[in-house]
Amino acid sequence: MRHFIFILAVSISFSPLAFAGQSQEGPFVVVELFSSDGCSSCPSADLLVSKLTAWARQNNEPVYPLIFHVDYWNNLGWRDVFSRPEFTQRQIIYAKIFKDQGIYTPEMVVNGSDAFTGSDQGQLQKDLNSELSTPALVILRISLKIQGGQVMVDYTSQGFSKGDVVNIALVERGLTTEVTAGENAGRSLHQDNVVKEFMTLPLTPMEFQVKIPLNKISDASQASVIVYVQNPQTMLIEAAKQLDLEND
């Protein structure tokens, strides 16, 4: 019997025998945080992601956090160097799926199926409890090779639905930003698994390779590639894998 314990004094358990004879892969959790260095309520959510990242890595759990920095805070005193308009657009898509009135930071989305305030540890724990006891519906395989200042990501998938897409994210840990203006002026912000590169491609049954430049990564030993399959109509995430650059 396995037990998952994250930040709170809460545990879940399930029997590995429950999956015997099934073709699905084991469970996974993709945690997407929409954040900004210009938002005073975001550092607590960033810290939660850092704790989650450390816990997952130390315990070899299939939990993959990503921090997407949005750009709509950039005209309010501080320009977030990690922000991108396409990350804001991704959050807008989620808002439409969840029928939200608008977008906000910090917002956390778990496996594309639940959205809540990004600093809500209790809700995150509940989602972890649920998702870590549910097998993946899709099989995903990935491999990496670094060559010529870029990482080549090979992937293949089975059991996905027509129209599904694959998201490929290059993330970096151990980042610190000294903020000198805006709501976080004077603060030193630490973040892990910040998305540095991101692309979404149609998913095909054939093995495919994409090339991602590494010029935006400051320390390859702190970088990983997270690949996840998603239904663009429902935004449900169906499979996910992660590999570190430092091990390849």
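Predicted model: local features only at pLDDT ≥ 70, side-chain atom pairs only at ≥ 80, totals over all residues.
Residues are numbered from 1 along each chain as its sequence is written, and side-chain values use heavy atoms, leaving out hydrogens and water.

So which partners does Glu-25 have? One is Arg-141, in a salt bridge with N to O at 2.0 Å; the term means a side-chain nitrogen of Lys or Arg within 4 Å of a carboxyl oxygen of Asp or Glu. Glu-25 sits in the loop between β2 (11-14) and β3 (29-35), while Arg-141 is in strand β7 (residues 139-147), 116 residues apart. Strands (E, at least two residues) and helices (H or I, at least four) are DSSP runs numbered from the N terminus. Arg-141 is partly exposed, at 44%.

Glu-25 also bridges to Lys-241, with the closest N and O atoms 3.4 Å apart. Lys-241 lies in strand β15 (residues 237-244), 216 residues from Glu-25, and is partly exposed at 24%.

Now to Glu-32, which meets Arg-90 at 2.9 Å, N to O. Glu-32 belongs to strand β3 and Arg-90 to helix α2 (residues 85-97), so this pair ties together parts 58 residues apart in sequence. Glu-32 is buried at 0%, and Arg-90 is buried at 9%.

Finally, the structure holds nine salt bridges, and a network of them links Arg-84, Glu-86, Glu-197 and Lys-216.

Definitions and conventions. Buried < 20%, exposed > 50% of the residue type's maximum accessible area, 1.4 Å probe, protein only.
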